[in-house]
Structures are given as C-alpha cells and as structure tokens.
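Visitor: Hello! I would like to learn how to read a protein structure, one feature at a time. Could you take me through this one?

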Amino acid sequence: MSNVSSLPENLKPEAINPNSLSRDIPGRGAFPKISYVRYALLSLFTVLGFIAAIAVNRLFPQIANVQIEPYQIGKSLSIDINDLYVLALSGVILLYTAIAVFSFSDADRRKKFERRMPFRFAIGLVLGLWEVLGTKLLLLPQPFFPGPARILEPFLMEPGYILQQILYSLRLFSYGFVFGVTAGVLTGILIGWFPKVYYWVNPVLKISGVIPAVAWMPFALTLFPTPFSAAIFLITICQWFTIASLTAQGIQSTPKVHFEVAKTLGAKTPYLVFRVAIPHAMPQIFTGISIANGFTFTTLVMVEMMGQPGGLGYYINASKVWSAYYKVFAAIFIMAILFSLILRAVGFVESRVLRWQKGLVKS
Amino acid sequence: MSEQVLHDTDSVVLKINAVSRTYIDDEDKTVEALRDISLSVRRGEFLSVIGSSGCGKTTLLRLIAGLDVPESGELILNGEKIKDPAPQRGYVFQQGSLFPWLTVEKNIASGLKARGVYKDNKAEVARYVELIGLKGFEKSFPHQISGGMAQRVAIARALINNPAVLLLDEPMGALDSFTRADIQDKLLELWKTNKTTMLLVTHDVDEAIYLSDRIVIMTPRPGEIKEIIEVKLPHPRHRGGTEFLSIRRDILEKLHLASAAPQPEYAI
C-alpha cells in the first residue's frame, strides 16, 4: 500500500479497518475477569427450575385419579407420558448446560446468558406448578387444561400422524408463499415502475388489501377444483397484496440521483429496474414478506380448520370434536415452533440479502 | 496551451452554442437559469465554472450530461449533438450518489456493468481501486467508509468508462478541508494519468485556481458567463503563492466578493 502513505492520517486503512467495522468484539482479556463460582451458580439457577419440574414429576404424589398408560416403542421399550416428559426436561437441561459451557469464553454471550437466567428459571417453576395443578391434583378444569406431561402424549400416541399434518401445513404454506411472493413482487414492480399501472391497479390493491383473505373462502371453495388449490389461492392472496404494495412503495421511493447516476454510466431501462430500483426496494420487500407471513399463518390455520383434509388446523379441529384438548395444545405447541422457525429462516435470508444495511439502520 | 491551439477546432471536445434554460420555481415564477451561454471546452483541459449558488452552473452541467435539455441553443460533444445521458460524459454528483447496496468494488464496476462491458474489463476495477488508494476497502459498503473515500469511489466509477469529459458537480462541497485537499490532489493525479477533460463546477475560488487551466466566472439571474480567466501556473500550485493570491483577488473582485460593501446591483 505505497500510495496510501500520501493520505492524511484519518484516512489511512489502519484508522478505519473494514474488518473492525463489521463487528466489534471487545478483547477477551480486556473484560474484567468473571468469577468461576458466580458463573457456576448462574448456570445452576438456569437449569434449577427444570430440575424442580422433574422433581415434582417424580416425587410429588399422584393424588388425583389419572390413568397413565404405557406406550410400546419398538419391541422392548415401554414408556409413558411421565417418562417422556422427564426425558424432554432432561433434554432442556442438557441444552442449557451446553449453552452455559459454550457461552463462557465470550463476554457478549456470557452477558446474554446471565440476562436470560431468571426467565429460564421461571419457566421450570411454572412447569412444576402447572403439573401439580393439572395432573397431580386435577385442580384445573378438565379436560380443557391438561398437565404438561399429557400434552406430550400425542407424540407417543401418533407421531407419524402428527408428522403428516405438519408436512401438510408446510406444503400448503410453501406453495402459497412461493406464488404469493412471486406475484407480489412482480405486481409491485409493475405498479412502482409504470404510472399507468399504478393509476389502475393501486386503488384495487388498496381496497382488496384490507379484506381478510378468509372472506374469499366461499368463492375459493366453489371456484377451485380441490380444497388444496382453494387453500393455496387464499394463502397466495394473503401474501400477494401486502408484498405488492410494499414493493411498489420501495421502488417509488428510489432517490432520483441513483437513476441519474446509472443513466450517466450508460444504463438502459432493464438496469434501472433490476439493478437500481429493485435493490433499493429490497428492505421494503422483506418488510412486506414479514407482515404477510403474520396474515398467512392465521389464514393457513383458518382454512385448515374449515375445509382441509389435513394440516395442523385440521388436527386441532378433529381433536376438539373428541374433547382431546391435550392434542389441541400439542398442535399449538408445534405451531409455535414451526412458525418461529419459518420466521427465523426468512430473517436469515433477509440478513444475508440486506447485509449492506448492517450498521446503516437501527436494528 | 498556446493561443493557436485554442482556435484549432480539433482541440475542442465540447462546444456549447447559445444555450438558454429557464425553469419555474416553487412560487410559479420564471427563473432564467442560463441565458445565451457559449463556451468551447478544449480537449484535455481542466476547466472550472465558478459562481455563487443559483448562478446556473449546476444546470449547465446537467445540460452537458444530458440529464436536462436546453430551451434554445445546442451542445455538441465531438461533433455529435447531446440529447441523452451517455457514459462518454461521466458525472460525479455532490454526495451520496453511491449505490448503498453495492460494495466499493461493485460500485466502481457498476460503470462497466451498466454498459454491459464488465466481463472484458474486470481487471480495470482493481486498477481503479488502486488508483484511488482504496486497496483493502474493496468489500466495504458505502456507509462504512468516509465521505472523502466515497467521493473517490464516485470519481473512479465515472472514470472507468473512459469519458471524453468528466463533469464534476461540487464533488468536494460537503467535505472537510483536509479531505478536500486530498481529493483535489487525487483528481489532479487522475487527470494527468488519464488525460481526461475535466469540467468542475464549484463555489470554492481556491479550489478552482488550484486545479484549473481556465476558470469560467458566472453571474446569477440570469446565469451568464462574465469572464474566462486563464491560470498559467505550473503544477503543483502553492496556495499561498503571490501569483495564486493575485488571481484569487482578481476573481473575488469579479464576483464582487472582495469589497466589504456589496455593490447595490448585486444586493438581493
């Protein structure tokens, strides 16, 4: 870097190191030394709630008359819901222990771990209390509020069937997502780019955008050949309108100077659309996808409850008919995990695509 | 450059013939941004246009770039009438013109990509990164580098297309004086190596004298050329030199900035 030496001091690469800009990790030695005893206690309290929950399950007498059946797994293994529950809690304890060990070497992670300790401790206590009230004493109204162990029963009873419902929901979502995002981004580009399209389509989009997708259900069920395609249609329009209007906004808000720069560099219309307007609209497109996903989860469960031969919504509905509320809870539990995973995945793609925004906007 | 070269038509890269441009301002008043401007820009020279804000100097630059059209008159670059923006007239904007979603490297490459000639000229990008002294910052995004670095990238992005004339619209206007001096030197260096004709719009008198072969002084409302001053000092120029200061005084007087009491006809 010979020609760098002619620069003023504040412009030298040493002064602003590109690597240090991406993520500033304070030096490990620079932080005050954490006491081992304190950290061990922190870790202990993190898992203590769950240990208490196991203790409640194993030691608290089963006062109420609850029938707990064993399930045969394979040839020799026979476990009941309490075994599975303890197994699950042990898994959680192991996971948190691993996190504790993993976080120890990094000051940031250590802080995060410390901050989360009280909440994790409380989860365990709540599980214990719930078990006492729900299963051990049967003080909660039954069958509406089964204990935590009972909620795991469907996973012993019919794991394959549950997996089938999960896959059905995922399939519906995926089709709707792909069609919706594609249609949404395409319409958004057209509306954002061509004033004529904006004039004619935008009002329609605005009005139809506020209508909940499920309101179209009667039409969808009559007009589409199968319930599956009808559901895809409803999920698609959920994504479509939201993403389209946000994409259009993103494209319209592109600063004029970016277009002028591109033109003076020799760019023609395709470059202006695909290399200037769309990259500029990307953050808005992802905002649209996030908002649309919220609507989509609602719509997905609604359509499954009202007219699908499968899916988690269907599973809830079918279980409700038999008053099997523990299955309803199980389905809700799965949804919570499944939908968060989907949001996480979208968030991951977003953070990669919008890498250029890191440090530019408040996250 | 001698007087003879001035009259040689081959040495004129850009010819501006009696160009006028008016626009309507926010209060529905007609403003004469440019009136009857005629100017010949010589091949390879560094020409500055100086004047107070509102004298139409940016309008003139936008007309040359093809981002705006004149009401009357015509602009001719290398014998061809200017109608649209084109890469042979590179343009460097005041600030914030880098694409924020592209890295330094890709911003520079966007000049080639916009023309669809990136594949054959990949090596040029690395050469320009080196030329503007931003090695090690190729993968940085615009918000991660300083304003001065960003303007150097903007200059490289326009120069990589080998323009016949590089239009600079107050590119150092928003920078602190240290960074500004640094970019001025960088610009001179690029001018000497690339032999590109430079057309700089500025309101900084020192900057104009430091860089230019000729300085066009403009007066506002209507925007007209008042005088063209030749600067015949050798490079590198000394900002505190006697000749430098005398040219400076001369220009300031012509801009009616030197006298403490403003002349009545220019008091607004």
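Visitor: Let me start with two strands in chain B: how many bridges join strand β1 to β2(B), and do they run parallel or antiparallel?

Guide: Before we count, please keep in mind that this is a predicted model. Strand β1 (residues 12-24) of chain B is joined to β2(B) by nine bridges, and the two run antiparallel. As an example of a bridged pair, T22(B) has E32(B) as its partner in β2(B).

Visitor: In what order do the strands of that open sheet come?

Guide: There are four strands, in the order β2-β1-β4-β5 of chain B, with antiparallel pairing. At the edges stand β2 (30-42) and β5 (80-81) of chain B; each has a single partner strand, so one side of each is left without a neighbour in the sheet.

Visitor: Now for side chains. Which residues of β7(B) point one way, and which the other way?

Guide: The general idea first: in a regular strand the side chains alternate between the two faces of the sheet. In β7(B), V165(B), L167(B) and D169(B) point one way, while L166(B) and L168(B) point the other way. Strand β7 (residues 165-169) of chain B is mostly covered, with five of its five residues buried.

Visitor: Which strands pair with β7(B), and in which sense?

Guide: On the one hand, strand β6 (residues 89-92) of chain B pairs with β7(B) in the parallel sense over four bridges. On the other, β7(B) pairs with strand β8 (residues 197-202) of chain B, also in the parallel sense, over five bridges. You can follow L168(B) across: V92(B) stands opposite L168(B), and in β8(B) the bridge partner of L168(B) is L200(B).

Visitor: Let us turn to helices. At what angle do the axes of α7 and α13 of chain A cross?

Guide: Two packed helices are described by the angle between their axes and the distance between the axes. Here helix α7 (residues 159-193) of chain A and helix α13 (residues 312-321) of chain A have axes that come within 7 Å and cross at roughly 135°. The two helices are therefore oblique to each other. From α7(A), the contact is made by Q165(A), I166(A) and S169(A), and from α13(A) by L312(A), Y314(A) and Y315(A). By class, these are four nonpolar, two polar and no charged residues.

Visitor: How many residues of chain B are in contact with chain A?

Guide: The count is 34 residues of chain B, in contact with 25 residues of chain A. On the chain B side, α3(B) gives the most, with four residues. By class, that side divides into 15 nonpolar, 13 polar and six charged residues.

Visitor: What covers the buried residues of α3(B)?

Guide: The cover includes α11 (256-264) and α12 (269-307) of chain A, together with α4 (122-131) and α5 of chain B. Among the buried residues of α3(B) are V104(B), I108(B) and L112(B).

Visitor: Lastly, what is the mean pLDDT of chain B?

Guide: The mean is 85, and 92% of the residues of chain B reach 70 or more. Take care with residues 1-8 of chain B, where pLDDT stays under 50. For the complex, the predictor gives an ipTM of 0.87 and a pTM of 0.82.

Terms used:
Residues numbered from 1 in each chain as written. Chains lettered and ligands numbered in written order. Predicted model: local features only at pLDDT ≥ 70, side-chain atom pairs only at ≥ 80, totals over all residues. pLDDT = per-residue confidence, 0-100. Contact = placed C-beta atoms within 7 Å. Axes fitted to C-alpha atoms, helices over the stretch in contact; angles between N-to-C directions. Parallel < 35°, antiparallel > 145°, perpendicular 65-115°, else oblique. Nonpolar A, V, L, I, M, F, W, Y, C, P; charged D, E, K, R; others polar. Buried ≥ 20, exposed ≤ 12 C-beta atoms within 10 Å, placed from the backbone. Pairing = 2+ DSSP bridges.
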